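I opened my notebook to look up a few backbone details. My entries follow below.

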Amino acid sequence: MLPIVALVNEYDLVVVGGGIVGCATARELTLKHGNIRMAILEKENKLAMHQSGHNSGVIHAGIYYKPGSLKAKLCVQGLHLSYEYCDAKKIPYKKVGKLIVATNSLEQQRLADLHQRGIENQVPDLQLLKGVEAIKKIEPYCQGVEALWSPHTGIVDWGLVTQHYGKDFTERGGDIHFNFEVNGFKESGDSSYPVTITAKNGNFVKTKYVLTCGGLHSDILSELSGCSREPRIVPIRGEYLLLNPKKCYLVKGNIYPVPDPKFPFLGVHFTPRMDGSVWLGPNAVPAFRREGYTWFDINPKELIDALSYRGYQKLAFRNVTYGIQEVMKSFFSRLQLKDLQKYIPEITAADISRGPAGVRAQALDNDGNLVDDFYFDSGKGPIGRRVLHCRNAPSPAATSSLSIAKMKGGILYKSFRCYEYDVIVIGGGITGTAIAKTVKENIKHASVALLEKEQDLGYHQSSHNSKVVHAGFYYRPDSLKAKLCVEGANLIYDYCDAKNIPYKKYGKVIIGTDPLDIYRLKELYKRGLQNKVAGLELLEKWNDVDLIQPNCRGIQALWSPNSGNIDWEVVTKSFGNDFKNEGGEVFFNCEVKCVREFTQPSHPLLIEDTKNNIFCAKCVIICLGLHSGSLFDSDKDDCYKNISLKVNYHLLNPKLNRFIKTNIYGMPHLDMPFLGIHISPTPDGNVLLGPSAVPALKLDGYENNAIDMHYVQNNVFSKGFALLFLKNFQSCLSQFTETVFGDVRTSALKKYFPMIAESDILPGPSAVQGQVVTNDGEFIDDFLIEVFEGSGIQKRIVNSEDRINQQDIANGLDLHQSTVSRVLRRFHERQENTLEDLDKDADEQQQLNGIVFCFYSR
């Protein structure tokens, strides 16, 4: 028995619900962070009284669940963690395995899909058994035509496991309060412990943060805390039969049917128990109260609440036949017997008797859809944002309990620290990841976080591009682009060599085809020499060009042997891995909605995302690419606009790929930020053609029908873009015609490579490029860095190198994909002093804290 403790009413975290998920998470937090004062509130007089103690006792392997889902990921992790925990605590279990048996051709097709799921989920040692003889080697009395064998599936008493979790928790100083049925959450008025949780018996506790794991009552707890009640919980009772002990020899391990993918239930199965008995079932019937273990357990209020819910009505209407069949099986066990005899014909009516029942907390949305994955959410407001709700945790939650605990424990602990970091980098493109990596590598003591709104790094411009390593000859001498690109090309090659990232030094030829091109080509050559581009040559004899790239046409060319081709998405993810290996933290699906001043002197910048997570920082670096400037009020953003250009690539017919030896570029207009139409071999063996560039109607509008009217009105219809269009009408028209008309595109390419026919140009990927435009209709063609200060962070200092040098930060940061590796050396030189100053006395800290650096231009 766990000790009954006196009611201490002030905690850092309170867990509501003493089931297996709540106890596992509480245990995890006390293991990792023993300084946290914690309590579990349980409405019953002991732990695991409901779902955690009323289940089939199976340790699942992770076969059934959709690849990529939380269930799939956490169940496979939890399988190993559960066995390790049971071994450490000497909790008895048995690895009896599981056989999922198909009895007809339809089930065979479903079994094949299930097998593929298991492989994708990395279920260990999964085997597909063909024929009844292979099945009988595992289960001698079982019939079927095909089966899936999972040798690592096991059985255990999950109620006993929960008790051990609770014991671990109390031994490390945690409190468990039994008979504490929560009936409300309210503001306490105490800034140290702002949430009060009240119980029906009049008791209360105060806390900083709350985790609810209420199972059958999870939607009610969410509503009590001021959060949404959706999705609702519908109680589904599962009734088991017991196999006559004399016939238990018929079942060696778990025998399961192939489940119907329309339902989240695994069907009637044979489950051996730790006490030697065998459970048969369960069925799935509605319960008339949330803890209704028999037909006679009725709570009129809960029943009316369920029946009046629109989602429940829709679910019942769609599944009338299935529901009636399950109810009939409940009343007439012989009907359930028929399902069992499909697999073991030796079982007779005399061999079965009524057994125990459990109630599953099934989350259901308003459209009558069953929520199939684990589901967690929180709310808004002074209480809601301090509560994390576990809203849906059915099977395999017991198996996954330790992995769920690790996931939720990490999230919750960050709440205690208020997500405080020395440096936060917003934007997980190649620039953001390189900066985050470099800060963390060079300033080991700094706590650094990287926030990315997508589910992976390098999701937009860093992966949607021509995959070229530029050498640096295009850019205006003395500009940041020129300086950083030349150095960056060599650094990126060194980095890729060190990390074994594949790349190709294909080089690049820029071809001039008429006298104006030749004049511009020579100007470009002069730029390249001033920029100290390695190996740059002006090829005035076409025979020299033909030796490098046969079959192309022109008069003269510029040759850059140091240009190359690489997959920048791979590089970005490598930067991210380096950052994490150094102890940096990455938050995915974290879309930042604002950056503002904060009242806390040590961390004066506050960042809030769309999920109401709060981050505090000393220094913020914004590398949002397409969304640069979106974190600040639009009325402060009238000096320039970030315009999104949709660029359309095509692919060369693979039959012609062997003729492309290098990157082939036309001569660009030196006053425009586009490199013109080109032919680029990629590391994967394809050849990209293009791109053409037209305005996108959404910041990240990859699709032709992607439209954001707010963006169109404020950016595309802005004064600056209108002037830009008028000033460059001919170039804009040319880009439009190349995009729309295939013959125009073909003519542009044939100008440099005559072998290409229109039929050789195949559909290819699209990309979106962010470009900064001034109110005067000019492109900002250099890297644009702004500094915002803690005292009025809306005050902008645009592209001021003096200011940047004065702060000893950011000079030497590069935003172009091919030169971002410049960060690997120079960022430390400029960054370290500022970050070290953050640890100085309060006066200096107040002056230096609260600096925001925003990087705009490509």
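**Entry on Lys532.** I began with Lys532, which is found in the loop between helix H15 (515-530) and strand E26 (537-539). I kept in mind that the model is predicted. I read the phi of Lys532 as near 60°. That is a positive value in a residue other than glycine. Is Lys532 buried or exposed? I found its relative accessibility to be 70%. Lys532 counts as exposed because the cut-off is over 50%.

**Entry on Asn500.** I went on to Asn500. I placed Asn500 in the loop between helix H14 (480-499) and strand E24 (503-504). Its phi is near 55°. I marked this as a positive value, again in a residue other than glycine. I then checked accessibility. Asn500 has a relative accessible area of 68%, so it is exposed.

**Entry on Pro282.** Next I turned to peptide bonds. Most peptide bonds are trans. I looked at the bond from Gly281 to Pro282 and found it cis. Its omega is near 0°. Where does Pro282 lie? I located Pro282 in the loop between strand E16 (278-281) and strand E17 (285-286).

**Entry on Pro691.** I then looked up the bond from Gly690 to Pro691. That peptide bond is cis, and I read omega near -5°. Which element holds Pro691? I found Pro691 in strand E36, residues 687-695.

Conventions:
Residues are numbered from 1 along each chain as its sequence is written. This is a predicted model: local features need pLDDT of at least 70, side-chain atom pairs count only at pLDDT 80 or more; totals for chains, interfaces and linings use all residues. Side-chain values use heavy atoms; hydrogens and water are left out. Helices (H or I, at least four residues) and strands (E, at least two) are DSSP runs, numbered from the N terminus. Buried means under 20% relative accessible area, exposed over 50%, partly exposed in between (1.4 Å probe, protein chains only).
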